[in-house]
Amino acid sequence: MTTMLRNTRLTTEYADDLALFRSRPAQAGAVLLLLGWLLLPHVLGEYWATIFVYAGIASIGAIGLNLLTGFAGQVSMGHAVFYGIGAYAAAVFADRWGLPFPLWLIAAAVAGGLVGGLVGPFALRLRGNYLVIVSLGLLVIGQHVFENWTSVTGGLTGTAVRATVAIGALDVSALTLGGVRLSRNQGYLYFVWAMVAVLGLAAHNVARSRPGRALQAIRDRDLAAEVIGVSQVHYKVGAFVLSSGYAACAGALYASYARYVSPLDFSLFLSIQFIAMIVVGGIGRIYGSILGAVFLTLLPRVIESVSGALPFVSADGSGGGLTVQSLNQAMFGVLIVAFLLFEPLGLAELWRRGTRYFKSWPFSY
Amino acid sequence: MTDFAQYLIAGLALGSIYSLICVAFVVVYRATGVVNFAQGGLVVFGAYATYQLIAWQLPFPLAVLLAATVTAGLGLLIERFVLRRLVGQPVFAAILITLGLLFVLEQLCTTIWGYDLRILGDPWGVRTWRIADVTVKVTDVWTIAASMLALVSCFLVFRYSTIGIAMRAAASDPEAALAHGVSPQMIQGIAWAFAGVLAVVAGVFIGAGSRGVDLTVSMVALRAFPAAILGGLDSTEGAVAGGLAVGLVEVMSAAYITPNAPWLGANVHVVIPYVLMIGVMLVRPYGLFGTAEVRRA
Amino acid sequence: MSMCATRHSHPRVLTSTVGLLAGLLLSACGGSADETAVRTPGVSGDTIYIGALVPLSDAVAVIGRPILAGATAYFDRLNAEDGGVGGKYTVKVLAEDITYANPSSGAQKYQKLKDQVAMIGLVVGTDQVNGILPLLAEDSVIAVPTTFDAEWVRDENLLPWGSPYQLQAINGVGYALTDGGHVGQTVCTMSLATGYGKATEEGVEYLATAMGFSIPVKATFKQDDQDFVAPITQLKNAGCGIVMLASLPSVTGKVLGTAAQLGFAPRWIGTSPSWHHALAASPIKDYLVQHYWMSADGPAMGDTSIAGVRAMRAAQATFSPGQEPDFYYYAGYLVSFAIHAMLEKAVAAGDFTRAGLRAASQAIANTTSDGLAGDYTYGSVDSRNPPRTGTVFRVNPQATIGLEVEKSGVSVPAAQSYTFGKR
């Protein structure tokens with residue numbers, strides 16, 4: 001009896017509830033994450049560093065979508081468009097206008113947010129399946145603009161982007177640490193994951209304060225929320241702005257890291273991946289978006305590295321049977337299906353259950 | 001004028017293909033409330049299956065019939081092992097699951113049939129009739145006829161058959177239907193099997209003649225979405241009307257807008273159906289023929 | 001008891017977290033590249049590894065797979081019969097599967113390959129090449145783009161080969177307008193809305209300026225378009241007598257089928273990626289025989305009087321028996337001549353460092369391919385000169401991959417005068 005109570009620190013004040021890292025394990029976890037962040041760039045090779053950079057960028061985009069889907073209950077297939085807007089905005093602001101960092105990044109995020117604010121009101125009248133397919137229309141229109149607004153986007157063949165992350169002499173692509181020069185990938189790994197932390201905490205703060213609660217109220221029963229004085233228009237459009245801003249920020253980081261973007265980068269598949277990330281990670285959990293993004297970015301790479309041991313799979317499909325990529329595509333599909341069927345709350349829920357098990361040990365609940 | 005008539009037939013034929021896909025959307029949506037993004041996967045599977053059976057020297061009608069049976073079986077399997085477990089999940093869950101199925105189905109096809117272009121081997125080929133100055137493709141006539149047949153049979157089944165009445169009952173009040181001995185599982189299984197049959201018909205027309213079958217066949221389903229939304233997701237008449245409308249709009253805009261308004265960008269005919277869809281949605285959020293959802297606080 | 005549990009619980013969470021993190025780190029360490037071969041990556045003992053970034057399992061795998069098979073067969077034959085490069089070094093192709101429609105997949109796989117290979121031998125897709133260009137420059141790695149874009153010619157990190165799409169279009173249409181018997185006819189284009197389609201269009205535009213004609217219709221289409229009545233009617237109404245087509249196998253049948261049905265019968269001239277041998281057995285084969293030409297570089301795949309073709313077919317029969325010798329296979333095989341020539345230079349100089357390989361890429365004088373293609377003049381980046389002659393093929397369902405030579409050695413004046421800029 002008493003064990004249960006003492007296991008978790010009692011919250012005696014409201015401030016305890018509001019604290020970012022509420023329990024000691026959570027605090028320890030934060031320290032460990034910090035350590036991991038410091039160490040990882042030095043133990044990962046160039047290839048895995050690249051993968052983790054992409055995972056970090058995807059995390060930011062997924063956090064944005066989770067704000068919209070997990071909190072406001074709006075499913076969008078148009079997320080890739082805002083990601084694309086951020087990428088092209090980075091090309092324009094940094095490369096052509098010569099804005100320094102962090103101005104181009106902020107400007108890109110604002111540009112995405114503004115477009116999100118324009119689109120948001122359209123979604124107000126629509127619900128459920130209809131909204132999903134209308135957002136598919138947004139994607140088609142966005143791609144058309146990317147392909148045809150040649151003076152800005154470079155058209156079908158895309159555009160090279162020089163958007164460097166440097167403040168004064170501190171250039172992320174050429175950091176030195178204790179006299180050792182870090183590679184570009186290592187530098188971006190530090191930078192991108194620092195951005196994930198900042199933007200993740202910011203999103204977490206939005207989610208647990210008034211706007212977050214208002215959005216959840218709308219998500220759960222919009223009419224009821226309106227009756228108690230939560231303005232649907234205000235908060236739903238706000239969620240669109242914020243979510244698009246996050247996506248655009250991720251897109252700008254992508255453009256900065258990849259240094260070349262083309263309309264193919266911002267396809268329906270990217271939108272689907274974002275949705276898959278938050279579903280696998282955990283709808284309505286900010287850290288779930290990060291878990292999902294890392295999981296889905298790493299999964300194909302892990303499958304590749306173990307596929308040598310699988311008899312029916314080959315790297316190039318030369319021996320008949322599946323290629324690794326086919327297996328990846330199929331696994332991507334199977335995983336989405338499996339998570340939705342067996343663990344609809346995603347990795348975040350698995351994590352929570354795992355930690356709860358240890359917390360309440362030796363009792364099962 | 002000849003050109004216009006030519007475009008009209010082309011638009012109707014393209015629209016009929018969209019209609020076939022949309023009717024499948026509607027049948028599944030009415031029975032299960034799921035927007036089926038995996039329909040494209042069923043279409044490409046159906047097209048490949050037909051190709052395979054023709055390649056095995058089966059006569060064409062028999063090949064289509066057999067392929068329809070196999071694909072219907074695939075639809076049943078999907079319903080039985082995946083969708084049935086999805087009861088009570090939110091909207092995006094169903095959509096995402098069908099997207100996941102799409103990826104699995106596509107890889108299933110490439111694993112069986114590889115990546116090369118396959119010529120279907122249908123009896124129509126590229127034969128045409130000439131009426132006045134207008135060329136009428138034999139395939140187009142069959143496509144239009146098939147989609148009309150699908151519409152009429154859907155209408156009759158929904159309206160008069162026991163299964164159709166059961167489907168409507170299950171859709172309007174599942175609990176009451178259950179109390180009257182209507183098994184929702186059976187209804188949903190039938191709907192998916194029917195979607196499989198329609199997929200084969202659509203797949204055959206998409207791959208007919210010199211068009212050939214490969215993985216890109218599944219992309220057509222995405223182009224059909226605005227049609228489904230225009231008509232309303234729960235109306236078969238709407239699906240056919242929406243399909244025909246989108247087919248016509250696509251062909252007409254390719255004919256009259258693309259060449260005359262280069263400032264709109266190349267291939268604007270792909271975008272216009274979606275713009276139209278968004279416009280209609282703003283006025284009628286449940287499509288032209290769809291039923292508005294009654295909401296309570 | 002209760003105190004105990006309290007004390008235990010936190011360390012447990014800690015240990016589990018630490019364990020997880022340590023596991024992550026360890027696995028990551030295991031995954032990092034072998035650092036022993038830093039000086040000459042990709043060369044270990046007597047083996048040279050070259051990378052390949054090719055789509056093997058998406059809708060473009062129909063192109064990626066034969067290309068890879070062609071290159072692999074070339075080097076398998078070289079290893080087996082000539083003892084490898086310089087009679088000593090065995091060449092192995094390390095292929096990574098990329099997704100054509102996702103340019104960052106190429107960049108990711110490049111990072112995976114770069115420390116294991118001496119160079120990137122194949123990259124399929126214009127966007128994919130663009131995606132890895134900054135990385136190539138940073139690491140001083142040479143790559144061989146497997147697309148024919150004019151932009152590649154002057155890039156010092158690339159080793160281009162073959163005749164760019166622009167030249168293929170110029171020679172094809174130019175031939176039709178002169179010796180091909182379509183003098184004075186209206187020229188139009190119909191191209192896929194991609195960089196490749198644009199490159200083809202550019203070629204025709206250049207020819208139009210050079211020869212003083214205008215192009216009344218430049219139709220474009222998408223890969224998932226199903227109906228082509230509108231663009232075909234436009235071409236028909238404009239009286240186009242010659243239409244340059246830049247398409248992909250899955251669309252060509254739809255375009256030409258519609259044309260056949262509407263009774264529109266111009267001289268179609270397609271690029272090599274537009275063709276698939278299945279079309280020669282399709283319901284429009286008679287129409288194709290009469291009205292379709294393909295403009296490309298190289299001989300007919302069935303012409304075994306040419307030494308290069310004999311060698312290629314022999315290599316194909318031995319090392320990739322399941323593969324049709326289509327134009328993609330040919331491309332993969334042909335690109336290997338350039339790679340081989342470069343590696344020979346590196347072996348001769350005994351220098352496999354990044355700088356050495358770059359020097360080797362510019363030390364090649366020119367490559368010959370036993371009649372498989374026109375000679376490519378290499379040397380320094382500024383003196384590179386792609387083969388400016390082309391071959392026009394006609395359809396013959398009985399021929400290998402359905403094509404036979406209509407006219408070889410085509411080189412119209414505009415193809416000679418076309419200049420390649422530096423980006």
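## Confidence in chain C

Chain C comes out with a mean pLDDT of 84, and 90% of its residues reach 70 or more. Keep in mind that this is a predicted model; its overall scores are ipTM 0.88 and pTM 0.88.

## Where chain B touches chain C

Now for the contact between the two chains: 35 residues come from chain B and 34 residues from chain C. On the chain B side, the elements giving two or more residues are helix 1 (2-32), strand 2 (134-137), helix 9 (220-223) and helix 11 (236-257). Helix 1 of chain B has the largest share of that side, with six residues.

By class, the side of chain B that touches chain C splits into 18 nonpolar, ten polar and seven charged residues.

## One helix pair across the contact

Helix 1 of chain B packs against helix 7 (residues 229-237) of chain C, with the axes 10 Å apart and at an angle of about 160 degrees. Angles over 145 degrees count as roughly antiparallel, so that is how these two helices run relative to each other. The crossing of helix 1 of chain B with helix 7 of chain C is right-handed.

Asp3(B), Gln6(B), Tyr7(B) and Ala10(B) are the helix 1 residues here, and they meet Val229(C), Ala230(C) and Thr233(C) in helix 7 of chain C. That contact has four nonpolar, two polar and one charged residues.

Terms used:
Residues numbered from 1 in each chain as written. Chains lettered and ligands numbered in written order. Predicted model: local features only at pLDDT ≥ 70, side-chain atom pairs only at ≥ 80, totals over all residues. Contact = placed C-beta atoms within 7 Å. Helix = DSSP H or I, 4+ residues; strand = E, 2+ residues; numbered from the N terminus. Nonpolar A, V, L, I, M, F, W, Y, C, P; charged D, E, K, R; others polar. Axes fitted to C-alpha atoms, helices over the stretch in contact; angles between N-to-C directions. Parallel < 35°, antiparallel > 145°, perpendicular 65-115°, else oblique. Left-handed = near helix turned anticlockwise from the far one by under 90°. pLDDT = per-residue confidence, 0-100.
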